[in-house]
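Here's a quick tour of some backbone geometry and strand packing. Have the viewer open while you read.

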Amino acid sequence: MSDLHVGETNVTELLKEELGRREENYVAILQVPEEKYLQVNLETIKTLVEEFGYSGLYITIQRPHTNLMKLFRKQGINADKVCFIDAASSAAEETGEETENCTYVPKELNINDLTRATYRMLPDIKGEKKFLFLDSITTLMLYQPLSETLRFAEFLTRTLRKTDLSAIIMNVGSEFSKENFIKDIVFQCDEIIEIR
Amino acid sequence: MRDTAGKLEDELTDVLAGEIILLETKPEETLDTTLSSLKTLTSGESPGIILTSTRPYSKLIKLCRENNINTEHLSFIDTIMMSVGVPEKNAEETTAVIYVSSTSALTEISLALDKKCSNLGEGGFLFIDSLTTLLIHNSPVALTRFIHYTLTRLRVRDMGALLTTMEEGIDSKTRAEIVTLCDKTVIL
């Protein structure tokens with residue numbers, strides 16, 4: 001498959017460089033132009049799983065995990081290396097049976113439930129190098145007030161940082177990057193990976 | 001009817017394959033784009049649901065027929081007729097159309113969509129005309145949640161969708177969130 005480009009940026013190479021230079025235990029914000037959001041997300045997971053051998057937990061608020069798994073297969077990403085908290089299906093009242101690699105939360109997307117689900121799923125991430133990917137913090141804000149959304153962001157950036165996760169990545173559309181609440185979250189991260 | 005859909009051929013094929021696409025058009029091209037997109041989407045036998053908040057069902061079906069659009073496999077959700085005070089007896093539900101009380105009755109629209117989707121069988125598509133009009137009657141957060149809810153339910157069913165909006169017809173933040181919820185955005 002050919003490299004992903006956004007404008008003049010070779011996103012594939014950029015992600016390899018940015019995700020590869022950090023050994024462990026970092027928190028990053030991935031800032032993405034909205035029109036390339038899906039492609040960059042997939043390329044990020046592909047880089048982590050296929051290039052660097054990570055396994056991970058994908059907290060999906062945007063789209064159901066079944067849809068993501070299809071997209072992973074199309075992109076040549078080994079879906080067995082990723083488990084899911086499928087909050088999208090929960091919010092749309094389309095939950096299925098819980099499996100070893102997917103759990104759901106109640107449809108209100110309460111932060112306590114999301115936190116509990118995260119702790120529940122973390123031991124299921126196999127392998128030495130582990131990531132957590134949140135998609136997306138701004139979609140969570142459709143369901144929770146700002147204070148609760150920030151509380152979840154803090155859980156990721158402060159509490160989970162102390163676990164054996166090597167990488168915690170949150171994505172945000174470029175349009176939201178100037179919002180004060182995003183700047184607050186960025187302040188708690190180790191780096192911003194900006195795709196222009 | 002200009003063949004705007006000629007420019008969209010690949011994208012309309014993707015919709016029929018289960019992708020969800022946001023289409024931004026110039027205001028003066030909205031009707032042409034709607035009609036030519038529908039003509040392409042209905043040229044096979046894929047069943048479709050049209051959620052119309054711009055034109056009432058009676059007008060839209062007339063335009064479809066005038067433009068040789070095959071309506072055999074189409075069904076409609078009309079959010080306008082009852083919201084402008086058309087007497088209920090003139091807005092009776094048929095197998096072709098469900099009338100919803102108002103363009104701001106998003107829960108009712110969701111229930112109507114569920115009903116239509118359950119009758120659809122395999123595959124199919126949803127056409128939303130248009131997000132700009134829906135936003136006149138709903139708050140940005142309510143509309144975005146509705147879109148999120150609807151698109152998730154479509155994805156679970158492997159249904160595609162074409163969402164239309166006018167260029168600069170929605171505020172940048174709402175647009176940004178909706179763009180990220182879709183698989184692709186096309187600007188005509």
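A residue counts as buried if 20 or more other C-beta atoms lie within 10 Å of its own, exposed if 12 or fewer, and partly exposed in between, with the C-beta atoms placed from the backbone. Keep in mind that this is a predicted model, where local features need pLDDT of at least 70, side-chain atom pairs count only at pLDDT 80 or more, and totals for chains, interfaces and linings use all residues. Residues are numbered from 1 along each chain as its sequence is written, while chains are lettered from A and ligands numbered from 1 in the order in which they are written.

**Positive phi**

A:Glu93 isn't a glycine, yet its phi is positive, at about 55°. You'll find A:Glu93 in the loop between helix H4 (87–91) and strand S6 (102–103) of chain A; helices (H or I, at least four residues) and strands (E, at least two) are DSSP runs, numbered from the N terminus. Is A:Glu93 buried or exposed? With 12 other C-beta atoms within 10 Å, A:Glu93 is exposed.

Chain B has a case too: B:Asp158, another non-glycine residue, has a positive phi near 60°. B:Asp158 sits in the loop between helix H6 (140–156) and S6 of chain B. Since 14 other C-beta atoms lie within 10 Å, B:Asp158 is partly exposed.

**Cis peptides**

| Cis peptide bond | Omega |
|---|---|
| A:Asp135 to A:Ser136 | about 0° |
| B:Asp129 to B:Ser130 | near -5° |

A:Ser136 is in the loop between strand S7 (130–135) and helix H6 (137–140) of chain A. As for B:Ser130, look in the loop between S5 and helix H5 (131–137) of chain B.

**Strand S5 of chain B**

Why is strand S5 (residues 125–129) of chain B largely enclosed by the rest of the structure? Because 5 of its 5 residues are buried. Both faces of S5(B) are covered: B:Phe125, B:Phe127 and B:Asp129 are buried on one side, and B:Leu126 and B:Ile128 on the other.

S5(B) also has strand partners (two strands pair if DSSP finds at least two bridges between them). Strand S2 (residues 48–52) of chain B runs parallel to S5(B), joined by 5 bridges, and B:Ile50 stands opposite B:Phe127 there. Strand S6 (residues 160–166) of chain B is parallel to S5(B) as well, with 4 bridges. In that pairing, B:Phe127 stands opposite B:Leu162.
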